[in-house]
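Welcome, and thanks for taking a look at this protein. Please have the sequence and the 3D view open as you read.

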Amino acid sequence: MLYLGATLHSDAIHGSELARRLGMARKDFDSVQQVWKHAGMSMAQKLRIFDACIIPGLLYGLGTIWLRESETYA
């Protein structure tokens with residue numbers, strides 16, 4: 001079930017949600033490639049755009065999930 005932009009599972013497995021979010025963030029990042037290639041913008045401006053457009057979509061709602069040990073990176 002999709003609720004507030006997050007996929008909810010009855011068995012509380014969040015691996016697929018993490019993969020979905022990473023895929024969405026990658027798609028968003030690919031869509032701003034023209035910005036990254038623009039020579040007239042400073043790195044600070046590019047990072048501000050990244051922090052404003054990519055990171056929030058990736059992290060929205062993920063602060064409340066519980067990860068199993070197999071879903072973490074050591």
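Here is a short tour, from the overall layout to a few individual residues.

This is a predicted model, so please keep the confidence scores in mind as you explore. The protein has 74 residues, of which 15% count as buried. It contains 4 helices and 2 strands.

**Layout and surface**

- Reading from the N terminus, the elements follow the order β-β-α-α-α-α.
- Among the contacts with a separation of 6 or more, 50% are made by residues 24 or more positions apart.
- The protein exposes about 5800 Å², and carbon and sulfur atoms supply 65% of that area.

**Confidence**

- The average pLDDT of the protein is 75, and 62% of the residues score at least 70.
- Confidence is lowest in strand S1, which covers residues 2-3 and has a mean of 52.
- Helix H3 is where confidence is highest, at 89.

**An aromatic cluster**

- How many aromatic pairs are there in the model? The count comes to 3.
- One of these pairs joins Phe-29 and Trp-36 edge-to-face, with 5.3 Å from centre to centre and 80 degrees between the planes.
- Trp-36 also pairs edge-to-face with Phe-50, this time at 6.3 Å centre to centre and with 65 degrees between the planes.
- Trp-36 sits in helix H2 (residues 33-37) and Phe-50 in helix H3 (residues 43-53), so their pair ties together parts that are 14 residues apart in sequence.
- Taken together, Phe-29, Trp-36 and Phe-50 make up one aromatic cluster.

**Charged residues**

- Side chains of opposite charge can pair when their charged atoms come close.
- A search of the whole structure turns up 1 salt bridge.
- Which residues form a salt bridge? Asp-30 forms one with Arg-26, and their closest N and O atoms are 3.4 Å apart.
- Both residues belong to helix H1 (residues 15-31), and because they are 4 residues apart there, about one helical turn separates them.
- Asp-30 is partly exposed, with a relative accessible area of 39%.
- Lys-46, found in helix H3, is buried yet has no salt bridge.
- For Lys-46, the nearest side chain of opposite charge is that of Asp-51, 14 Å away.
- Leaving aside residues up to four places away in sequence, Lys-46 touches Val-35, Trp-36, His-38 and Met-41.

- Where is Ile-54 placed? You will find Ile-54 in the loop between H3 and H4.
- Ile-54 counts as buried because its relative accessibility is 4%, and the cut-off for buried is under 20%.
- Setting aside residues up to four places away in sequence, Ile-54 touches Ala-25, Asp-28, Phe-29, Val-32 and Ile-49.
- Ile-54 and Lys-27 are 27 residues apart along the chain, and 9.4 Å separates their C-alpha atoms.
- Leu-58 lies in helix H4, which spans residues 55-59.
- With 18% relative accessibility, Leu-58 also counts as buried.
- With residues up to four places away in sequence left out, Leu-58 touches Arg-21, Leu-22 and Ala-25.
- Along the chain, Leu-58 and Leu-22 are 36 residues apart, while their C-alpha atoms are separated by 6.6 Å.

Notes
Residues numbered from 1 in each chain as written. Heavy atoms only, no water. Phe/Tyr/Trp six-rings, centres within 6.5 Å; stacked < 30°, edge-to-face > 60°. Buried < 20%, exposed > 50% of the residue type's maximum accessible area, 1.4 Å probe, protein only. Contact = heavy atoms within 4.5 Å. Areas by Shrake-Rupley, 256 points an atom, 1.4 Å probe, with all protein chains shown as cover. Lys, Arg positive; Asp, Glu negative; His and termini not counted. Salt bridge = Lys/Arg side-chain N within 4 Å of Asp/Glu carboxyl O. pLDDT = per-residue confidence, 0-100.
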